[in-house]
Amino acid sequence: MSDLTNKDAEQDSKLAVLESKIESFRERIYALEAETSGVSVIDSTLENAIRRIEMVHSRIDKTEEKLKALDNELRGRIRKNEIWIAGAAAVISAVVTIIGIAVSVESKEIDYGRNGSTQQEVVLQLPRS
């Protein structure tokens with residue numbers, strides 16, 4: 001019976017050691033839970049910040065799309081103005097050419113012996129007094 005008693009005593013001591021270890025682990029778990037309770041608040045704050053950043057990114061994307069649409073519209077307007085200006089310049093140059101031709105047809109050519117005539121010009125030299 002003494003073997004049984006010794007084994008019971010040995011098991012009781014091991015049980016006591018295990019119970020004390022379990023109790024110390026419980027205390028550590030409670031301490032860790034207390035310390036990490038603030039982490040959940042930080043996590044929720046980070047999640048809210050991430051949601052806000054995503055909203056800002058979506059607004060930026062929408063704004064970029066609007067800017068691209070406005071840019072395309074503005075470029076279209078500029079192209080139309082360029083075409084109109086080129087047409088107006090063509091009309092103005094045609095009118096100026098027609099007016100120039102009409103004026104040159106009505107004018108008389110005056111030949112003073114220069115440009116095209118083989119006659120020599122006489123230079124009048126006056127004596128000095």
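1. The chain exposes about 12,900 Å², of which carbon and sulfur atoms supply 60%; accessible areas come from the Shrake-Rupley method with a 1.4 Å probe, and for residues only the protein chains shown count as cover. This is a predicted model, in which local features need pLDDT of at least 70, side-chain atom pairs count only at pLDDT 80 or more, and totals for chains, interfaces and linings use all residues. Residues are numbered from 1 along each chain as its sequence is written, and side-chain values use heavy atoms, with hydrogens and water left out.

2. Of the 129 residues, 1% are buried (buried: under 20% relative accessible area; exposed: over 50%; partly exposed: in between; 1.4 Å probe, protein chains only).

3. Val-91, Val-95, Ile-99 and Val-103 make a nonpolar surface patch of about 350 Å² (residues with over 30% relative accessible area and no salt bridge, nonpolar side chains being joined within 5 Å). Val-103 belongs to helix α1, residues 2–106.

4. The count of salt bridges is five (a side-chain nitrogen of Lys or Arg within 4 Å of a carboxyl oxygen of Asp or Glu). One of them joins Lys-14 to Glu-10, with the closest N and O atoms 3.8 Å apart. Glu-10 is partly exposed at 45% relative accessible area.

5. Asp-71 and Arg-75 form a salt bridge at 3.1 Å, N to O. Four residues separate them in helix α1, about one helical turn. Asp-71 is partly exposed at 34%, as is Arg-75 at 47%.

Definitions and conventions: Patches are made of residues with over 30% relative accessible area and no salt bridge: like charges are joined within 9 Å, nonpolar side chains (Val, Leu, Ile, Met, Phe, Trp, Tyr) within 5 Å. Helices (H or I, at least four residues) and strands (E, at least two) are DSSP runs, numbered from the N terminus.
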